Amino acid sequence: MKFQVALSALLACSSAVFASPIDNLFKNKSIKTAHSRDINSTSPVWNGSNTTTNTTYSNSTNSTANSTSSTSNELQIIVTGGQVPITNSSLTHTNYTRLYNSSSALNITQLYNIARVVNETIQDKSSTGAIVVTNAKSLEAVSFFFSILFDTNKTIVVTEDSAYAIPVANDKNAAKRGVLSVTSDKLVYSGVFTPASTFSYGAGLPVAIVDDQDQVEWFFDASRPTLISPSSVIRKEYTNFTTPFGIFENGAPIVPIVYDGGYSSSLIDSLSSAVQGLVVVSSGSSNSTSSSIASDIIPVVYAEASTPLNFIDKQDVPENAVGAGYLSPIKAQILLSIAAVNGVTSKSALDDIFP
């Protein structure tokens, strides 16, 4: 019954909805400081299609323009939620573009819309990189989504507060690390390993910290996680994953997250026309699961939420299901959704893609 209630609520939403029923994964704390203002006070700026309404203002002022101005060595900050500085005299050659103003988890359509703007930004020769400011509920999803989509040496930083991210984006040692995220406690993570909350350090360690003087202290030499390295399956065999335009021929994919339990595969199959995949949160104390949820029609991926270092392999799940490896439920949902957008749904392909 728990599964039916959660899934019924999700399916009652628009086909563009990309939300998780496990809200307890989003217990991020949001720290407001004197140098920032919270912009989550109005409705999202979105016209309901694959286009967005942009407001651009330079050097943290409220002046608006019809398009983003270009300056030499320009850092573009794209705001979708979260916090932005009120004033900062050091923010030269920095432009802000408000794309959304959301306090809710961003859906897959919105994520692709943001990716399109980020792609346009980093393709500009005058651009040194991009910062995306988002709300706490979306930090993990946006960071991981961008890590899969963008294969570039330009710096892309995702954060709840742009004041924390600006020193990282301007640091030359941030290059060649893939997408980075900065949490509210000033810790810097690889986008692949952004924690589900500031109380959970995920499957990876932070790669740097921003100190009180806004200097970035790096813990490791520059490298990319194996999942998105140049020799990875994703980069070598699924280059279409890096297309920053979501082409939803049959509508945006719906990939619910449900809790592990004794639900029948027949029930899952009966819903196959409404969803494009399913992520099951394993509730077992070990990597394996006793659940029998699997399907011959839609991909089913098992992920672990309670213990960050657990690894769910294909041997740990039902025969027709896929193990998410070290990926959290949210990250598994993102990767499965990207695969669905690109028509990659076979078990063999997903076994290769998931770590």
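Biologist: Which residues of helix α4 are buried?

Modeller: This is a predicted model, where local features need pLDDT of at least 70 and side-chain atom pairs count only at pLDDT 80 or more, while totals for chains, interfaces and linings use all residues. Residues are numbered from 1 along each chain as its sequence is written, and side-chain values use heavy atoms, with hydrogens and water left out. Helices (H or I, at least four residues) and strands (E, at least two) are DSSP runs numbered from the N terminus; buried means under 20% relative accessible area, exposed over 50% and partly exposed in between (1.4 Å probe, protein chains only). Helix α4 spans residues 162-169 and is largely enclosed by the rest of the structure, because 8 of its 8 residues are buried: S162, A163, Y164, A165, I166, P167, V168 and A169.

Biologist: Which residue of strand β9 stands opposite V182?

Modeller: Strands pair if DSSP finds at least two bridges between them. Strand β8 (residues 180-182) and β9 run antiparallel, joined by 3 bridges. The residue in β9 opposite V182 is V188.

Biologist: Which residue in β10 is the bridge partner of V188?

Modeller: Strand β9 (residues 187-190) has both faces covered, with L187 and Y189 buried on one side and V188 and S190 buried on the other. Antiparallel to β9 runs strand β10 (residues 208-210), joined to it by 2 bridges. In β10, the partner of V188 is A208.

Biologist: How many residues apart are E140 and K331?

Modeller: E140 and K331 form a salt bridge (a side-chain nitrogen of Lys or Arg within 4 Å of a carboxyl oxygen of Asp or Glu), with the closest N and O atoms 2.7 Å apart. The pair links distant parts of the chain, E140 being in helix α3 (residues 139-149) and K331 in helix α7 (residues 329-341). Both E140 and K331 are buried.

Biologist: Is R235 buried or exposed?

Modeller: R235 lies in helix α5 (residues 233-237), and its side chain meets that of D151 in a salt bridge (3.8 Å, N to O). The relative accessibility of R235 is 9%, so R235 counts as buried.

Biologist: What is the relative accessible area of K347?

Modeller: K347 and D351 both lie in helix α8 (residues 347-353), 4 residues apart, about one turn of the helix. An α-helix has 3.6 residues a turn, so residues three or four places apart point the same way. The side chains of K347 and D351 meet in a salt bridge (2.7 Å, N to O). K347 is partly exposed, with a relative accessible area of 28%.
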